[in-house]
Amino acid sequence: MMAEAGAGGPRLAELLALGRRLWEELEASTEPSSGAPAVQDKVRQGLDALQRAAAMVAQLELFSENEELEEIASADLKFMLLPALLGALTLKQVDLSRRREHLESAREHFLSFLKLCRNYGLGSFQLPPGTAAEEAAGSPSDPRDPSQPNLVAMAMSRTAKIERYKQKKELENKLASMSSSVESGTADEDQIREFYILQIQKWIGTSLEEIESIDQELVILRSRDAARQAPAGPRGPSRPARTPLKPFILTRDAAQARVFGAGYPGLPTMTVDDWYEQRRKQGIVFSLLLSGKPISQQGFGEPGSPPCPSLPAGASDEELQKQQQETEEEEDDEEALQKARDWDDWKDTHPRGYGNRHNMG
């Protein structure tokens with residue numbers, strides 16, 4: 001393997017070093033916006049270098065599922081970081097129209113790195129849920145209440161995060177103490193090997209955190225896309241335009257129509273029965289549930305009775321007067337006549353607006 005890596009010459013190592021250097025510069029950048037042209041230019045350069053290096057690694061077949069970690073040359077261990085660095089740089093792209101594509105691509109890079117590390121026994125961790133490797137493992141489902149595994153998973157996830165954070169700090173301290181000797185070339189092979197393995201373990205924790213964050217953002221983006229693509233609900237038929245209403249006085253019978261006709265100048269009068277008959281002929285059905293009585297016994301127009309509704313007059317004054325006279329001849333309601341007379345007398349002694357204390361009119 002060492003000879004094959006050397007066959008690639010320093011070109012492969014240079015591409016990895018360039019991509020990693022650009023990523024470190026982006027991490028330490030003080031640019032106010034990640035979408036600045038200078039920032040995105042570095043992202044493109046880094047991705048190009050790392051993609052070319054990854055293609056060379058695949059061509060050289062530096063890593064195989066059939067070999068152990070001890071079989072990999074110490075100088076080749078650093079190339080295992082290529083998928084993780086590709087995922088990190090992919091996340092720094094800011095094209096919103098392709099955000100979901102970038103997230104899924106970065107997730108694949110991180111997952112590829114984790115699978116490679118797991119294959120060589122580097123670190124003790126579980127692959128993120130829903131991956132092909134985990135589905136192939138065929139972990140049995142828990143027959144208990146479906147809400148219980150969620151609680152257990154949440155507790156385990158929190159514990160794992162705390163543990164990863166502690167390990168990350170320890171690894172960073174060790175790497176800081178060893179980096180000077182490795183970079184200066186004074187470290188021996190065992191120190192170089194340990195240094196690269198510590199870097200890989202650090203990126204394992206970073207990859208797990210990034211995948212968790214990516215999955216959360218993907219859920220939001222998929223819900224948003226589904227809401228945009230959902231067809232609009234069927235709308236009901238539009239209501240026909242209503243004709244303007246003309247007010248008139250609704251009375252109990254013909255006698256009250258004759259009396260009240262002089263009280264409100266300019267407004268025609270109509271009995272309840274006449275009004276209801278006209279509505280019936282027009283195909284309009286009403287259900288007035290004011291007191292549970294028939295509509296002709298609602299008592300509209302009496303003192304203390306409910307206010308008279310304003311409805312359109314469907315007939316002329318002459319027709320209404322003629323119909324009222326016929327009704328009066330057919331029904332000689334002495335009680336209604338007496339009430340109408342009492343109401344007429346009461347109006348003579350009480351001016352209009354009597355008792356109005358709210359508006360002080």
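**Charges and contacts**

Reply: On the surface, a patch of negative charge is formed by Asp 188, Glu 189, Asp 190 and Glu 194. The model is predicted, so local features require pLDDT of at least 70 and side-chain atom pairs pLDDT 80 or more, while totals for chains, interfaces and linings use all residues. Residues are numbered from 1 along each chain as its sequence is written, and side-chain values use heavy atoms, without hydrogens and water.

Me: Why is Glu 194 called partly exposed?

Reply: Glu 194, in helix α8 (residues 189-229), has 41% relative accessibility. Buried means under 20% relative accessible area and exposed over 50%, with partly exposed in between (1.4 Å probe, protein chains only); Glu 194 therefore counts as partly exposed.

Me: Why is Lys 174 called partly exposed?

Reply: Lys 174 lies in helix α7 (residues 147-184), and its relative accessibility is 43%, so Lys 174 counts as partly exposed.

Me: How do you know that Glu 67 has no salt bridge?

Reply: The nearest side chain of opposite charge to the buried Glu 67, Arg 193, is 9.4 Å away.

Me: What makes the pairing of Glu 67 and Tyr 120 a polar contact?

Reply: Their side chains are joined at 2.6 Å. A polar contact is a pair of N or O atoms within 3.5 Å; within protein, one must be able to donate a hydrogen and the other to accept it, and residues adjacent in sequence count only if both atoms are side-chain atoms.

Key:
Lys, Arg positive; Asp, Glu negative; His and termini not counted. Salt bridge = Lys/Arg side-chain N within 4 Å of Asp/Glu carboxyl O. Patch = residues over 30% accessible without salt bridge, like charges linked within 9 Å, V, L, I, M, F, W, Y side chains within 5 Å. Areas by Shrake-Rupley, 256 points an atom, 1.4 Å probe, with all protein chains shown as cover. Charge placed at Lys NZ, Arg CZ, Asp CG, Glu CD. Helix = DSSP H or I, 4+ residues; strand = E, 2+ residues; numbered from the N terminus.
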